[in-house]
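I'd like to walk you through a structure, so let me put it up on the screen.

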Amino acid sequence: EAGPPGGEGGSRWQNLTPVERKKYEDLAAQDKSRFLAESHKRDVEAMQRKERLQKERETLILDDQGEGRTRRSRMKEQKKAEKKRVKKQEKKKVKAASKKKKGKKEKKRSGGGDDDSDYQDDNDSD
């Protein structure tokens, strides 16, 4: 007949003398300290790996002109250049629209004035 899990082990543990328990408690303490040391070592290695990869990402890269720059600085420069290019295009559009509007105004002034030389009114037959 099977009892509850750990039932027999629990009763055996309760029946041990303090001297007998000390042996197992010492083993448990050693195992705990081993586990903590291995966990700490793993965490330190993970942090070192993360830092190494970060440094590799930011290492100097030689561009076409031979100037050393980091990837991050290169990305910043590219974003800045893109913003400048977009701003320049927007300025050109505004300027072209302004010229077009100005041209229409001048056309109206020159073509739509009081110059009646080419136009005769039917009521002007006197």
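**Rings and lysines on the surface**

Let's start with Leu27, which sits in helix H2. Keep in mind that this is a predicted model. Is Leu27 buried, exposed or partly exposed? Its relative accessibility is 45%, so it goes down as partly exposed, since that class runs between 20% and 50%.

If you search the whole structure, you find one aromatic pair. The partners are Trp13 and Tyr24: their ring centres are 6.5 Å apart and the planes meet at 65°, so we call the pair edge-to-face, because anything over 60 degrees counts that way. And which helices do they come from? Trp13 belongs to helix H1, residues 7-15, and Tyr24 to helix H2, residues 18-57, so the pair ties together parts that are 11 residues apart in sequence.

Okay, over to the charged side of the story. Which residues form a patch of positive charge on the surface? That would be Lys80, Lys84, Lys88 and Lys92. Take Lys80 as one of them: you'll find it in helix H3, which covers residues 71-111. Lys80 has 64% relative accessibility, so it counts as exposed, the cut-off there being over 50%.

That's my tour, happy to take questions.

Methods
Residues numbered from 1 in each chain as written. Predicted model: local features only at pLDDT ≥ 70, side-chain atom pairs only at ≥ 80, totals over all residues. Heavy atoms only, no water. Patch = residues over 30% accessible without salt bridge, like charges linked within 9 Å, V, L, I, M, F, W, Y side chains within 5 Å. Areas by Shrake-Rupley, 256 points an atom, 1.4 Å probe, with all protein chains shown as cover. Salt bridge = Lys/Arg side-chain N within 4 Å of Asp/Glu carboxyl O. Lys, Arg positive; Asp, Glu negative; His and termini not counted. Charge placed at Lys NZ, Arg CZ, Asp CG, Glu CD. Helix = DSSP H or I, 4+ residues; strand = E, 2+ residues; numbered from the N terminus. Buried < 20%, exposed > 50% of the residue type's maximum accessible area, 1.4 Å probe, protein only. Phe/Tyr/Trp six-rings, centres within 6.5 Å; stacked < 30°, edge-to-face > 60°.
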